[in-house]
Amino acid sequence: MLKQVAIVGLGKMGKNMKLRLEEKGWRVLGFDKNPALEKLVKGLSRSRVVWLMVPAGKPLEEVIFGKRGLVKFLEKGDIIVDGGNSFFEDSIKKAVKLAKKGINFLDAGVSGGPEGARKGACLMIGGKKGVFEKLKPLFKDLAQKDGFQYLGKAGAGHFVKMVHNGIEYGMMQAIAEGFNLMKNSPFNLDLKKIAALYNEGSVIESRLIGWLEKAFEKHGQDLLQVSGKVGATGEGEWTVKTAKKLKIAVKIIEESVGFRVLSQKKPNYTGKILSALREQFGGHKAKK
């Protein structure tokens with residue numbers, strides 16, 4: 001395939017993906033808000049590939065199906081990749097709707113945050129196997145080594161990413177609760193030093209622990225300027241709702257989602273750790 005792609009949505013993730021691809025020899029057309037989609041499509045040679053890093057819901061629908069959306073200008077055989085955090089059932093519907101117009105659709109869960117987008121992300125991909133195979137060079141250049149997989153039919157990529165985010169909620173909650181316990185212990189512990197120690201061969205060594213060490217370094221272990229109200233972007237709640245639909249128990253994930261809701265009224269130190277972690281890996285606002 002020609003090493004050319006358009007990226008719609010140049011936020012923290014999309015901008016870094018564009019820079020990474022350009023370094024690897026790709027011609028990248030990038031558009032942020034209110035893109036001139038017709039101009040974008042005409043700027044690509046066939047078969048066209050448009051990668052979307054657009055918020056799920058109405059913004060994404062408008063970009064694809066709006067009055068001046070992509071479907072007005074793309075042709076049979078062109079490919080749309082949704083790299084945002086879309087609900088997997090919505091992705092299945094989009095794939096069916098676009099297939100009627102001869103347009104291919106892949107759903108790609110993207111993990112690793114802005115840093116991963118720049119240095120190599122983890123990609124979870126669903127859709128037609130043949131379309132995935134065609135775009136392998138693109139996925140290989142966007143991902144870290146061995147950091148992408150084809151997971152199945154339309155919706156599979158976003159489903160796996162949704163569950164990934166649910167697991168992330170639970171892991172973060174356990175870390176936050178544990179460090180809150182240590183902060184309130186009688187030992188006057190240095191939490192930054194403990195985070196560093198945990199990341200030297202312990203069973204819970206992880207990127208999350210590493211990010212927590214950086215958060216303590218940036219804000220101090222009291223996290224005085226960090227909000228105890230924890231933000232959420234919806235994927236944890238989707239995981240819980242989907243689990244209930246499938247009659248699968250996800251108690252830890254469900255409780256971690258509930259904690260974030262409760263934190264809006266009752267912020268505390270556990271919430272501060274969660275906010276600080278979200279800032280580290282996702283660039284989310286952490287300060288009060």
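**Burial, packing and aromatic pairs**

Colleague: Where is the place of serine 91?
Modeller: This is a predicted model: local features need pLDDT of at least 70, side-chain atom pairs count only at pLDDT 80 or more, and totals for chains, interfaces and linings use all residues. Numbering starts from 1 along each chain as its sequence is written, and side-chain values use heavy atoms, with hydrogens and water left out. Helices (H or I, at least four residues) and strands (E, at least two) are DSSP runs numbered from the N terminus. Serine 91 sits in helix H4 (residues 88-99).

Colleague: Is serine 91 buried or exposed?
Modeller: Buried means under 20% relative accessible area, exposed over 50%, and partly exposed in between, using a 1.4 Å probe and protein chains only. Serine 91 has 1% relative accessibility, so the label is buried.

Colleague: Which residues touch serine 86, not counting those up to four places away in sequence?
Modeller: Serine 86 lies in the loop between strand E4 (79-82) and H4. At 5% relative accessibility, serine 86 is buried. Contact means heavy atoms within 4.5 Å. With residues up to four places away in sequence set aside, the partners are Ala56, Leu60, Ser91, His158 and Trp238.

Colleague: How far apart in space are valine 226 and glutamate 279, C-alpha to C-alpha?
Modeller: Valine 226 belongs to the loop between helix H10 (207-219) and H11. Valine 226 has 0% relative accessibility and so counts as buried. In sequence, valine 226 and glutamate 279 are 53 residues apart; in space, C-alpha to C-alpha, the separation is 9.8 Å.

Colleague: How are H8 and H11 oriented to each other, roughly parallel or roughly perpendicular?
Modeller: Axes are lines fitted to C-alpha atoms, for helices over the stretch in contact, with angles from 0 to 180 degrees between N-to-C directions. Helix H8 (residues 156-183) and helix H11 (residues 235-245) have axes 8 Å apart, at about 105°. Angles of 65 to 115 degrees count as roughly perpendicular, under 35 as roughly parallel, over 145 as roughly antiparallel and the rest as oblique. H8 and H11 are therefore roughly perpendicular.

Colleague: Which residues in H11 meet H8?
Modeller: On the H8 side are Phe159, Met162, Val163, Asn165, Gly166 and Tyr169. They meet Glu235, Gly236, Trp238, Thr239 and Thr242.

Colleague: How many aromatic pairs does the structure hold?
Modeller: Rings of Phe, Tyr and Trp (its six-membered ring) pair if their centres lie within 6.5 Å. Planes under 30 degrees apart are stacked, over 60 edge-to-face, the rest tilted. The number of pairs is eleven.

Colleague: What is the angle between the planes of phenylalanine 87 and phenylalanine 88?
Modeller: Phenylalanine 87 is buried at 17% relative accessibility. Phenylalanine 88 is buried at 12%. Their pair is edge-to-face, with 5.0 Å centre to centre and a plane angle of 65°.

Colleague: What kind of aromatic pair do phenylalanine 132 and tyrosine 150 form?
Modeller: Phenylalanine 132 is in helix H6 (residues 129-134) and tyrosine 150 in strand E7 (residues 143-152), 18 residues apart. Phenylalanine 132 is buried at 4%, while tyrosine 150 is partly exposed at 24%. The rings are 5.2 Å apart, centre to centre, with 40° between the planes, and the pair is tilted.

Colleague: Which residues form one aromatic cluster?
Modeller: Phenylalanine 132 and tyrosine 150 both belong to it. The cluster consists of Trp51, Phe132, Phe139, Phe148 and Tyr150.
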